[in-house]
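Subject: Structure for you to look at

Hello,

Please find the structure below, ready to open in your viewer. My notes come after it.

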Amino acid sequence: MLLEALTLQLGYNATLVAIGAMLLGIAAGVTGTFLFLRKRALVSDAISHATLPGVGLAFIVMVWFGMDGRSLIGLLIGSALSAWVGLLCVQWLSNRTRLSEDSAIGAVLSVFFGAGVVLLTVIQGMSAGRQAGLDSLLLGSTAGMLFSDAILIAVGGALVLALTLVLRRPMSLVAFDSDYAAASGLNVARIDLATMGLVLAVTVVGLKIVGLILIVALLIIPPVTARFWTERTERVWLIAGGLGGLSGYVGAAISASAPALPTGPIIVLVAFGLFVLSLLFSPARGVLSSVLTHLQYRRSVHRRQGLLALAQGQPIYEGYTLRLLQREGLARADGVATEEGQARAAKALLDEKRWEILRGLQAHKATAARYDGLTNLETILTKDQLRDLDTRIAAPREVTP
Amino acid sequence: MTALNLATQNGHCAQAANIALSPLAIRGLTVSYGEKPAIFSVDMTVQPGSMTAIIGPNGAGKSTLLKAALGIIRPLSGHVTVFGQPLDSQRGRIAYVPQRASVDWDFPTTVLDVVLMGLYRELGLLRMVRGEHRQTAAEALERVGMSDFANRQIGQLSGGQQQRVFLARALAQKADIYLLDEPFAGVDAATEKAIIAVLKSLKAEGKTVIAVHHDLATVEQYFDHAFLINTRPIAEGTVAEAFTAETLQAAYGGRLATAQIDRLSQAG
Amino acid sequence: MSGAEFVPLSLTPLLIGIFAAIACALPGNFLVLRRQALIGDAISHVVLPGIVVAFLLTGAVTAWPMMLGAAGAALISVVLIEAIRRLGQIETGAAMGVVFTAMFAGGVLLLERSDTSSVHLDVEHALMGNLESLIWLEATGWHSLLDGDALAGLPPELSRLAVVLLLVVLFTWIFWRPLKISTFDEGFAQVLGMRTGLLGIALVMIAAIAAVAAFDAVGSIIVIAMFICPPAAARLMTDSLGRQVAWSVVFAALSATLGYVFAGYGPLWLGASDSVSAAGMIATISGVILALTALFGPRRRGMMA
């Protein structure tokens, strides 16, 4: 069943959902990246929760005018408007009062959602209130998706993606260093607003498939995952988009392949699964490689410090250092150096003295900046330069009166 | 037994004596972020009853040194003792004055309240604040010249006033060792005078004062010992020994003009 | 309205709402001051999987396993968030976002797949609470408060919340000083020997326990409003921590009371017949109070003024 789902053979609805989810995932991953880089990832939670009252009001208004309350486009317009108001409230609270941005986000998020819930129950009491359609916007519902819905999502997603790509340079600049961007003449406030507007658009587009509570996942998880694979901004959004699309497609397929597997949560869990794999195994920042690198570094530091202590006749204070030196045959259990240890200690001390001299010399400022306590100067300088330093070590120091 | 090893044994004995008496002795302290060390293998032995300035260029790790020694940051390696004992057992004898910028001054609390925070070890979780505690706090405020501000909301204070309140909090602890992180940064001249007067009076009482100091021009005036650091220790000793043209050159590299260094090391 | 109507139908939901609001507002004060308001967002999302797992393991909707499940989920989420922050050098908000959305999705999935017909755990109630139905039918009037048989019929949520509220009040009172000192100046607190890391986790645990107890009343999402809005509004009223906490309790109780009343009777006053969501209305009222203090509160601009 799963294989069929992945190759789009499970029927019309499943195919629509899979493709729609994929496009949504790409758009969310790319757009979410810029909010994430700007260190404002959770504003998207406020935006998504603030859509609810708009949805409710749109329904009520449409029914009042005799239209079908469940028209997706009407609901989405309503959601966009109230999310926009919510955004403005977040700005206002954090700029005009002593409250910090996180409090503003949390307040708007919960209050707007609460108001939305009130409206949903109002609709429940209305005669035209078959609000089952509205409930589904909380967690998404892909049963009986209409072709028009799919077109809406596809077009909306594509538009957002296009706009994001057009604006990616200014958004990256502002995210990386807003002061520098402002000094370069960019209108930081407007670019921030544009970023959040794009996030809002993705949220609105995604309401149908994953619902407002889970859309945040698609805006945050792929960019964070991408961050484990690259240090370059241009790559982050690319990888995030790919991961988002993959999660959407695979998630939708899995959900279609068996009953009682709601689409929204499955897509989110697929995205999270990809994240966990990256967390563990990414060569740059994954748990495995980080821990190994860290342990190795710690050993190097302790080894170096132990050797320097031996060379200078100082006691070794930390048990770990002594055990390490013992294990490597450089010292005995009582802290006295072995022959090998004495040789290595002398070398370490020489290197240390060379670095000390070098770091005080104007001429070698560039090399001095590379000092990290461990790198042997012999691997950086030429034999002549080393000889020069050695003479300075041996020369009698000037004594200032 | 080789000469080196005999020397080692003798060296160990002298070291041990030094450490037992030192108010703050640090051995092999290394802090790194990723694989770039902020400070590397730092040894420091503070002399009892001294006023020591920790100086070095920006990013040299001066604040990091203080914080790692006190356990606020986790070091990669390091052995820290206070009067020969492990740091954790001597916390009652240490008073710390952090950088002013590290705190949100919009916090809902008054000047008196902040000073009373210094009495936490005495008050614990539930003991009531009594007259004697208020007395201690009042004396501390008096000593820094902030008695009139006791009930003021801290957000209403100027930079200099905030710094004095921080100092009063430390004074209320009645500690033996005072560690300050850039106590003179961004304060007015009157406050600077007031603070140095308090620090000197502490020294007169036999206390030990260690301060990360940013202003080279006043090192000789204010301090009697200096510790120069630039990721690694550069020099340690009395101001005459450690604060010389040579050591400054080594610490600051090309960042100070030679004329500046000459002027600084010859003043006083 | 007479006692014969009020006591059985409104007294207990009102009390439950008030207790829930205050139990959340108290720790919320410190979360707001520590700029950790969004931990409230994270907690309210992760209690869902915690509760569902507890339900699946024990096979019944009993209170204390649910509390444990929620506290356990909060602990796991805190550990995961910290791990992501350190390893990936990811900012706190994003790390929280990854963890709580994934855990919430997991909770919803488990909920959908478990047999929900035998139990009241369904998604709508998990999100929006169930306050209106926590009534006390055994009561017949004010005198029922002294009637042992009637008291036995009190909704269990009430006593649960009363216990949790007591726990929260005790925690706040006992740890008042360390909470204040470590929130104001963490480095200084650490040098004094305070275990600030543990204290931070304890605060989050207490908030999680309050959230789970309030879960029955107002559902998981609206709990965030209770963590943040009353303390935030209180913050704009005063420069004293003690008074801020007092204001937050007043605002919380007010939100709960007015929210419940407007939800139940508002529609009737407007000519409609059905009540609206009490939980939603409570959140809305707390938002209105916050808006009012943001516009008129004496200390709304703090140091910015």
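Predicted model: local features only at pLDDT ≥ 70, side-chain atom pairs only at ≥ 80, totals over all residues.

Residues are numbered from 1 along each chain as its sequence is written, chains are lettered from A and ligands numbered from 1 in the order in which they are written, and side-chain values use heavy atoms, with hydrogens and water left out.

Chains A and C

Contact (heavy atoms within 4.5 Å) takes in 58 residues of chain A and 59 residues of chain C. The two chains bury about 4,700 Å² between them, and carbon and sulfur atoms give 75% of that; buried area is the accessible area (1.4 Å probe) that two parts lose on being put together, summed over both. On the side of chain A, the residues that lose the most area to chain C are A:Leu42, A:Arg98 and A:Asp102, together 15% of what that side buries.

Salt bridges

A salt bridge here is a side-chain nitrogen of Lys or Arg within 4 Å of a carboxyl oxygen of Asp or Glu. The count over all chains is 30. One salt bridge is counted between chain A and chain C: A:Arg98 meets C:Asp239 at 2.6 Å, N to O.

Within chain A, A:Arg304 pairs with A:Asp351, with the closest N and O atoms 2.9 Å apart. A:Arg304 is in helix 15 and A:Asp351 in helix 17 (residues 339-359) of chain A, so this pair ties together parts 47 residues apart in sequence. Helices (H or I, at least four residues) and strands (E, at least two) are DSSP runs, numbered from the N terminus. A:Arg304 is buried at 10% relative accessible area, and A:Asp351 is buried at 1%. Buried means under 20%, exposed over 50%, and partly exposed in between (1.4 Å probe, protein chains only).

In chain C, C:Glu82 forms a salt bridge with C:Arg86 at 3.3 Å between the closest N and O atoms. C:Glu82 is partly exposed at 28%, whereas C:Arg86 is exposed at 60%.

Chain B

Strand 9 (residues 225-230) and strand 10 (residues 232-238) of chain B pair in the antiparallel sense over six bridges; pairing requires at least two bridges found by DSSP. Between these strands of the hairpin is one residue, and B:Thr231 takes a positive phi near 65 degrees.

B:Thr64 lies in helix 2 (residues 62-70) of chain B and is buried at 13%.

Regards
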